[in-house]
Amino acid sequence: MSGSPKDLASEMQVDKTPDRTVPVTQSNGKDASPTNDHCSTLMEVDASHPAPVAPSFQGPITVCSMQHSWALRDHRLYCNSETWDRGGVEEVWGKEPSEGTNGQVIDGERKNKESLEQLTDMIHEFLESFYMKYGSFNPLSENDVLEHLKKKGNTHLSNRGLDIKREMTRYRAGLASAPIAGFMLSYNKHTLGLEDLSTLEEQNWLNDQIINMYGELIMEATQHKVHFFNSFFHKQLVAKGYEGVKRWTKKVDLFSKWLLLFPIHLEIHWSLITVTMATKTISYYDSQGIVFRHTTDNIMKYLQSEAREKQQTAFQKGWKITIIKGIPQQRNDSDCGVFVLEYCRCLSVRQPLLFSQEDMPRIRKRIHKELCDCRLND
């Protein structure tokens, strides 16, 4: 621009006529006149003096046009990160933003972040204690973590954006190469190491140590009204006869029990023989429907010999043998030991056999926990 400040000031004229309307032609050919809703300020300029320098900024610009007000509001919504998380502007359209809105959002985000960090720390603490107690994460389930958090007063976890499975996976991956050195579990005369407990993982075959210690827990849970024979008993009976095993029950009165449990291991398969003393009934359970009749005959002869040794005349004869059918069956070649333990557990606490092959992963985890807890869980 050219010219002196005085010349420029003399050219500035302000129409002081009140409420004068100047028509404006829009692109569609129609007239659009400003409404009285617009705020207007009349400016008076003294042309006899040089134009003053523009004053310093005194405060925010006030836009009185409703159209411009909406535009600024739209911009604030657009810049607000929470707007898009709520699914769009529709939820907040028509609401005038308050001065504390942004502060509340930031404070809410901070509190949510702190809450997530606290929950994550609680999960990690639980996973560490779980790992130390059970020797591995094999028996761990997501429900274990949820139950722990609920006990700590965290009942509404779905709204906190917490991914429990992800935290479990991350923590497990970090300890996968760091097994607990020297982990050992002892109960009465039974001892289990990580190698023994690993037979409870996935499709592994259960070994004798797992079978026998679990049998000990069953006897404890029934206050020794049920007697569980060691898995090596039948092998010893076959190999050496009654004389080779009669000392096994030197301190046990079998005829005062209501149920006897004989786990039978023949080469690569587990089956179960039970004896109900009140009815002198010998029952055979097999998860593949296989019948090894000689095993039941061996047990009947043993009981008759034991009755003679302990002078129990009523039990020297009158025994009957039954093959139990219609019981849960396995559909693979690796779960026979788990089926035998679950038969024993249900029968000893007088529960029906209502499990199936689909329950095997859950039952394996439960058995692992029960062995480490040294008791049968509800």
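Here is a short chat about strands, charges and backbone angles in a predicted model.

Me: Let's start with the sheet. How do β5 and β6 pair, parallel or antiparallel?
Reply: Strand β5 (residues 226-228) and β6 pair in the parallel sense, over three bridges.

Me: Which residue in the β6 and β7 hairpin takes a positive phi?
Reply: E267 does, with a value near 60°, and the hairpin has two residues between the strands.

Me: How many bridges join β7 to β8?
Reply: Five, and β7 runs antiparallel to strand β8 (residues 281-285). T274 stands opposite S283 in β8, if you want a pair to click on. These two strands also form a hairpin, with four residues between them, and K280 in the turn has a positive phi of about 50°.

Me: How many residues of β6 are buried?
Reply: Seven of the eight residues in β6 (residues 259-266) are buried, so the strand is mostly covered, taking buried as under 20% relative accessible area. For β7, too, seven of its eight residues are buried.

Me: Is E202 buried or exposed?
Reply: E202 counts as exposed because its relative accessible area is 66%.

Me: What is the phi of H224?
Reply: H224 has a positive phi of about 60°, and H224 is not a glycine either. You'll find H224 in the loop between α8 and β5. With a relative accessible area of 34%, H224 is partly exposed.

Me: New topic, surface charge. Which residues gather in a patch of negative charge?
Reply: E117, D121, E125 and E128 do, on the surface. E128 is found in helix α4 (residues 101-134), and E128 is partly exposed because its relative accessible area is 46%.

Me: And which ones make a patch of positive charge?
Reply: That patch on the surface brings together K189, R247, K250 and K251. K250 is in the loop between α9 (233-240) and β6, and K250 is exposed at 58% relative accessible area.

Me: Where is S256?
Reply: S256 is also in the loop between α9 and β6. S256 counts as exposed, at 52% relative accessibility. The C-alpha atoms of S256 and V226 are separated by 9.4 Å, and the two residues are 30 residues apart along the chain.

Me: Now salt bridges. How many does the count come to?
Reply: The count comes to 13 salt bridges. Side chains of opposite charge can pair when their charged atoms come close.

Me: Which residue does E167 meet in a salt bridge?
Reply: E167 meets R170, at 3.3 Å from N to O. The two are about one helical turn from each other because they are three residues apart in helix α6 (residues 164-175). E167 counts as buried, at 3% relative accessibility, whereas R170 is exposed, with 53% relative accessible area.

Me: And which residue forms a salt bridge with K310?
Reply: E306 does, with the closest N and O atoms 2.8 Å apart. K310 is partly exposed, at 31% relative accessible area, while E306 is buried, at 0%.

Me: What about E370 and R345, buried or exposed?
Reply: Both E370 and R345 are buried. Their side chains meet in a salt bridge at 2.8 Å, N to O. E370 lies in helix α12 (residues 360-373) and R345 in helix α11 (residues 336-348), so the pair ties together parts that are 25 residues apart in sequence.

Me: Which residues are joined with them into one network?
Reply: Salt bridges that share partners join E342, R345, R366 and E370 into one network.

Note on methods: Residues are numbered from 1 along each chain as its sequence is written. This is a predicted model: local features need pLDDT of at least 70, side-chain atom pairs count only at pLDDT 80 or more; totals for chains, interfaces and linings use all residues. Side-chain values use heavy atoms; hydrogens and water are left out. Patches are made of residues with over 30% relative accessible area and no salt bridge: like charges are joined within 9 Å, nonpolar side chains (Val, Leu, Ile, Met, Phe, Trp, Tyr) within 5 Å. Accessible areas come from the Shrake-Rupley method with a 1.4 Å probe; for residues, only the protein chains shown count as cover. A salt bridge is a side-chain nitrogen of Lys or Arg within 4 Å of a carboxyl oxygen of Asp or Glu. Lys and Arg count as positive and Asp and Glu as negative; His and the chain ends are not counted. The place of a charge is taken as NZ of Lys, CZ of Arg, CG of Asp or CD of Glu. Buried means under 20% relative accessible area, exposed over 50%, partly exposed in between (1.4 Å probe, protein chains only). Two strands pair if DSSP finds at least two bridges between them.
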